[in-house]
Amino acid sequence: MPAENVVKQYVTMIEANEHLHAIEMFYAPDAKVVENANAPLTGVRALTARKATTLANVRSVRAKCVPPILQSGDYVMLRWIYYFETHDDKLRRVEELALQQWQGDQIIGEQFFFDPAQLTKDL
């Protein structure tokens, strides 16, 4: 079970756009991450590569964790709102839920739930 301050540190890093560092710091080497019903990505190297590609495909990203952070034992549920500014000056808002499974202070599994249609809707 993660300590509350560890989860808060993770959230702070994501909100500060330290996505790659957060993956390296908080995800177990063999962590498994799934977006909706897609095939899982396994391992820190695959996760950082995927995130680096996502970040390269946009001009900027802002993330905000919407309280409350729900925790039950090894499981943490986070509600995120992301704003992506594209290279062609469009702004997109994506809201998602992330269900994380922790082992101590490392994330060993994560499932994201979001509507993919949000990725194409401009604000």
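Biologist: Why is Y10 called buried?

Modeller: Y10 has a relative accessible area of 4%, and buried means under 20%, exposed over 50% and partly exposed in between, with a 1.4 Å probe and protein chains only; Y10 is therefore buried. This is a predicted model, in which local features need pLDDT of at least 70 and side-chain atom pairs count only at pLDDT 80 or more, while totals for chains, interfaces and linings use all residues. Residues are numbered from 1 along each chain as its sequence is written, and side-chain values use heavy atoms, without hydrogens and water.

Biologist: What makes Y10 and F26 an edge-to-face aromatic pair?

Modeller: Their centres are 5.6 Å apart, with 85° between the planes. Rings of Phe, Tyr and Trp (its six-membered ring) pair if their centres lie within 6.5 Å; planes under 30 degrees apart count as stacked, over 60 as edge-to-face and the rest as tilted. The pair joins helix α1 to helix α2, 16 residues apart.

Biologist: What makes Y10 and W102 an aromatic pair that is edge-to-face?

Modeller: The values are 6.3 Å centre to centre and 90° between the planes. Here Y10 in helix α1 is linked with W102 in strand β5, 92 residues apart. W102 is buried, with a relative accessible area of 0%. Y10, F26, Y27 and W102 form one aromatic cluster.

Biologist: Why are α2 and α3 called roughly antiparallel?

Modeller: The axes of helix α2 (residues 19-26) and helix α3 (residues 44-56) cross at roughly 170°. Angles under 35 degrees count as roughly parallel, over 145 as roughly antiparallel, 65 to 115 as roughly perpendicular and the rest as oblique; α2 and α3 are therefore roughly antiparallel to each other.

Methods
Axes fitted to C-alpha atoms, helices over the stretch in contact; angles between N-to-C directions. Helix = DSSP H or I, 4+ residues; strand = E, 2+ residues; numbered from the N terminus.
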